[in-house]
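Got the viewer open and a hand on the selection tool? Let's take a walk through the model, one stop at a time.

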Amino acid sequence: MSSNNADLLLEDGAFASSKNSWNRYYHNSVVQPLLTDLYQITMAYAYWKSGKIEDHAVFDLFFRTNPFQGEFTIFAGLEECLKFMESFHYSETDIEYLKHALPNGIEEEFFEYLSQLTAKDVTLYAIEEGSVAFPRVPLIKVMGPLIIVQLLETTLLTLVNYASLMATNAARYRMVAGRHIELLEFGLRRAQGPDGGLSASKYSYIGGFDGTSNVLAGKLFNIPVKGTHAHAYITSFTGIQELKTRVLEHKETGDKRDLLELAIQHRSQLSKILDISTDESSEGELAAMVSFAIAFPGGFMALVDTYDVKSVPVLAAIDGERTEDQQQQQQEGVNACSNGTCGDPAVEDLNFENGNEQPTLEMGEDVMVVVEEADDIERPRCAKCEAEMRNAKACVIGHLKTVGKCFRSGLLNFCAVALALHDQGYMAKGIRIDSGDLAYLSCLARETFERIAERFKLPWFSRLTIVASNDINEETILSLNEQGHKIDCFGIGTHLVTCQRQPALGCVYKMVEINTQPRIKLSQDVAKVTMPGNKNVFRLYGADGHALIDLLQRVEENPPEVGQKVLCRHPFQESKRAYVIPTNVEALYKVYWADGRVTQAMPSLNEVRTRVQESLKTLRQDHKRTLNPTPYKVAVSDNLYNFIHDLWLQNAPIGELS
């Protein structure tokens, strides 16, 4: 691969736009009729044995609680559900396996029945993929022959549960990061297996991420692929003598120059400008960065936290900044002062966190040393002693302000290589920070870039990208926002792809009607009581243009109308009810599968991704906020409310007291 092609791949990620529709043709071969629970097939045989082949059923697929302590969910996975419907068929090997897996005594005619089974008689309704959704509102409604719609249950659930959870998690990261921060999914190595890794890449992109490190996901779904290098690349070099290639042609003129020599020259110059000793930088790291820059001159982004600079004693640095008289006074103490009551040198009254020892500032640990007065100690001091105390504090504060001089080895080496690349007509991309105090280090890096941009008259240098990784989660980003970080891009892995805050969405698949007769599941836990019957759902909008309430109705009811008062009721609490006069009414269900085929033009992945952001805009900010969001209202019509409660009374057993 030529360097130009390599640059294009590193910068632009995915392949050419002519392959934008590749994901339409990708089908996961694992998703097949046998990807189900055994009891689905044993129930199918029992249905068949009971003569229920002609029975017609309606099932709702929904969830009961929003994930991540939030008040919205992003519906995803519909496309994969439709691909499953298209391919639903038991192969000969499937039938042979079932003959051995099922209990003895299964009639041969049942296996013949299964071999002919397809989804051609099923009708599937769903809300649009990428839409915000809420508890109890069915995401998918499946109608058709009882046996086949029962057999679809587990597979549809596994295709929707993780996809919706993942898209919701990604959308939340996008909201807390803001629109102008790039988000990259780096989670393949931490995902729950290869399929989990692919799904995470796909649905994090739908939820608002900008790219992935997963190369196969890039190929299959046309997601931009991004990446730099690992610490292993840096540590694979021990010194500049290992560089076998040092020459780089100028991008425009073709003139060849030794990039290492250029970098060493710039490092020497930068050490004076930034007041850093070149002894504080790693030669092996410099060699690795030069090597990587030669490989990717147009896409040079380096990991800068492999090595740390030497520790700097805090008090030694302070002493270096104080006058000789001040240092002498500290050595002699202040016992000679006129009132004779001050027995401690000024600086000794400073209480460091580690007691009376003189601490060191370990840049590798990014510890900010906090300096305070000793607690519960009051000593009378003369004016001279008070002045000394103020002087000492000022010196400490001054030192903390100049901690920025103690840069990491990687930052110095990166800037030197970036300037060397500029000499050869290229612009570096930026750095990645993978450990430490991300807010502090990003500000330090940005300040460095701005100083160099001003010194060398290179405006682009101040805009170098700062990427941060290191086990980042939602709370981390919120904290970094409060600290005023200077990060341009977050690379997020474990917490994103494993959804550590909540590992499952909890979608369920419940029968609500059979042979036109409604069915209700009762429970002492009201949250688990199902809403019976074949239903439609509408989203009603208020005068401010935001979604106000989702309304479930029986299919035979007339839909709500704009400007007409609608009574909306809580499904289980009689006193909770309200009139709504909608300014807009959106019917949420569309028929996506009927007569054995997909009935809607399926959107591209980018269109679904856009749909997520557009749908989120319809919610008020208080529904989307991270802390204590306002619950979004889901209601039923007055007709459906009465229907539910009549059916509840009919099916609930009557107790007997004795």
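Two strands count as paired if DSSP finds at least two bridges between them. Helices (H or I, at least four residues) and strands (E, at least two) are DSSP runs, numbered from the N terminus.

A word on what you're looking at: this is a predicted model, in which local features need pLDDT of at least 70, side-chain atom pairs count only at pLDDT 80 or more, and totals for chains, interfaces and linings use all residues. Residues are numbered from 1 along each chain as its sequence is written, and side-chain values use heavy atoms, with hydrogens and water left out.

**Whole chain**

Start with everything shown as a cartoon. The protein chain has 23 helices and 27 strands. Of its 658 residues, 52% are buried, where buried means under 20% relative accessible area, exposed means over 50%, and partly exposed lies in between (1.4 Å probe, protein chains only). Take the contacts between residues at least 6 apart in sequence: 76% of them join residues at least 24 apart. Contact here means heavy atoms within 4.5 Å.

How many of its six residues are buried? Five are, so strand 5 is largely enclosed by the rest of the structure. Strand 1 runs antiparallel to strand 5, with six bridges joining the two; look for H56, whose bridge partner in strand 5 is P145. Strand 3 also pairs with strand 5 in the antiparallel sense, over four bridges, and there L124 has V142 as its bridge partner.

Slide over to strand 25 (residues 590–594), which is joined to strand 26 by two bridges and runs antiparallel to that strand. A594 has its bridge partner, R597, in strand 26.

**Helix 8 and its neighbour**

(Angles under 35 degrees count as roughly parallel, over 145 as roughly antiparallel, 65 to 115 as roughly perpendicular and the rest as oblique.) Show side chains for R172, Y173, V176 and A177 of helix 8, and for E474, I477, L478 and N481 of helix 19, to see who makes the contact.

**Helix 3 meets helix 6**

For another kind of crossing, select helix 3 (residues 38–49) and helix 6 (residues 108–115), whose axes come within 11 Å and cross at roughly 110°. These two helices are therefore roughly perpendicular to each other. Which residues of helix 3 meet helix 6? I41, A44, Y45 and W48 do, and they face E109, F110 and Y113 in helix 6.

Move on to an open sheet of six strands, in the order 23-22-27-21-20-24, with mixed pairing. Strand 23 (577–580) and strand 24 (584–587) stand at the edges with a single partner strand each, so one side of each has no neighbour in the sheet. From one strand to the next, the twist averages 35°.

Strand 22 (residues 566–569) runs antiparallel to strand 23, and four bridges join them. Find L567 and you'll see Y579 of strand 23 opposite. Then bring in helix 23 (residues 638–651), which lies across strand 20 (535–541), strand 21 (547–554), strand 22 and strand 27 (633–637), at about 80° to strand 27.

**Last stop: S291**

Finish by selecting S291, in helix 13 (residues 283–295). Is S291 buried or exposed? At 16% relative accessibility, S291 counts as buried. Neighbours within four places in sequence aside, S291 is in contact with Y233, F237 and L243.

Technical notes
Axes fitted to C-alpha atoms, helices over the stretch in contact; angles between N-to-C directions.
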